[in-house]
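Me: Could we walk through this one together, a question at a time? I would like to begin with the overall picture and then turn to a few charged side chains.

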Amino acid sequence: MRAVTFLCLAATLLVIAQSESTTTEEPETTQDNDKSTTAGASTVSKTPEEIRQKIKEQVEALTEACKTQTKLTPDQTKIATNMAVPKTEPEKCFLECIYNGIGLTKDGAFNEQGARVLAQQRFTGAPDDLAKANTMIEACTKEVVVKDANEKCGLGRLVRECFVKNGVKINFFPKP
């Protein structure tokens with residue numbers, strides 16, 4: 001259950017990050033079952049089921065791209081859906097790739113503003129969960145600081161450590 005909650009949060013953050021793009025490039029259009037969807041433009045799915053499906057598709061695409069980039073095996077990519085702290089360089093780089101993709105990190109640092117926007121979108125209508133997410137964001141803004149420039153992809157590890165540590169403290173993630 002904890003892994004599902006984390007994946008849903010990450011997926012929601014990805015959708016929001018992609019829909020709030022401020023670039024001037026042409027929006028990306030994809031075809032899915034004869035249904036055209038425009039990412040980054042004003043065409044947005046309205047029903048919860050459509051949103052969940054879009055999130056699932058985007059997370060799958062991001063996970064696949066990060067898996068390819070970091071050369072992880074399918075079994076190793078399971079770290080994206082659990083609360084394990086990465087131990088190997090490829091695992092750290094995989095998580096860093098995902099966190100960059102969803103906007104939790106930017107320019108080699110934890111992205112407080114991006115995290116707050118994403119949490120606001122994800123937890124609209126759930127003020128208790130939003131408060132917990134904001135508590136985690138405040139903690140991670142202070143704690144996620146890359147101190148060892150020689151550690152490749154250390155940001156992926158630091159963000160995960162912060163989420164695990166602070167999520168447990170405030171009972172953010174449901175118990176299995």
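**Fold and charged pairs**

Reply: Happy to! Among contacts (heavy atoms within 4.5 Å) in the protein with a separation of 6 or more, those between residues 24 or more positions apart account for 63%. This is a predicted model, where local features need pLDDT of at least 70, side-chain atom pairs count only at pLDDT 80 or more, and totals for chains, interfaces and linings use all residues. Residues are numbered from 1 along each chain as its sequence is written, and side-chain values use heavy atoms, with hydrogens and water left out.

Me: In what order do the elements of the protein run from the N terminus on?

Reply: Helices (H or I, at least four residues) and strands (E, at least two) are DSSP runs, numbered from the N terminus. The protein has 6 helices and 4 strands. From the N terminus on, their order is α-β-β-α-α-β-β-α-α-α.

Me: Is lysine 92 buried or exposed?

Reply: Lysine 92 forms a salt bridge (a side-chain nitrogen of Lys or Arg within 4 Å of a carboxyl oxygen of Asp or Glu) with glutamate 151, and their closest N and O atoms are 2.8 Å apart. The pair links distant parts of the chain, 59 residues apart: lysine 92 is in helix α3 (residues 89-102), glutamate 151 in the loop between α5 and α6. The cut-offs for relative accessible area are under 20% for buried, over 50% for exposed and in between for partly exposed (1.4 Å probe, protein chains only). Because its relative accessibility is 13%, lysine 92 counts as buried.

Me: Which helix holds both glutamate 112 and arginine 116?

Reply: Glutamate 112 forms a salt bridge with arginine 116, with the closest N and O atoms 3.1 Å apart. Glutamate 112 is partly exposed because its relative accessible area is 32%, and arginine 116 is partly exposed at 27%. The two residues are 4 apart, about one turn of the helix, and both lie in α4.

Me: Why does asparagine 134 count as buried?

Reply: Asparagine 134 lies in helix α5 (residues 127-143). Its side chain makes a polar contact with the side chain of arginine 116 at 3.1 Å; such a contact is a pair of N or O atoms within 3.5 Å, where, within protein, one must be able to donate a hydrogen and the other to accept it, and residues adjacent in sequence count only if both atoms are side-chain atoms. Asparagine 134 counts as buried because its relative accessibility is 18%.
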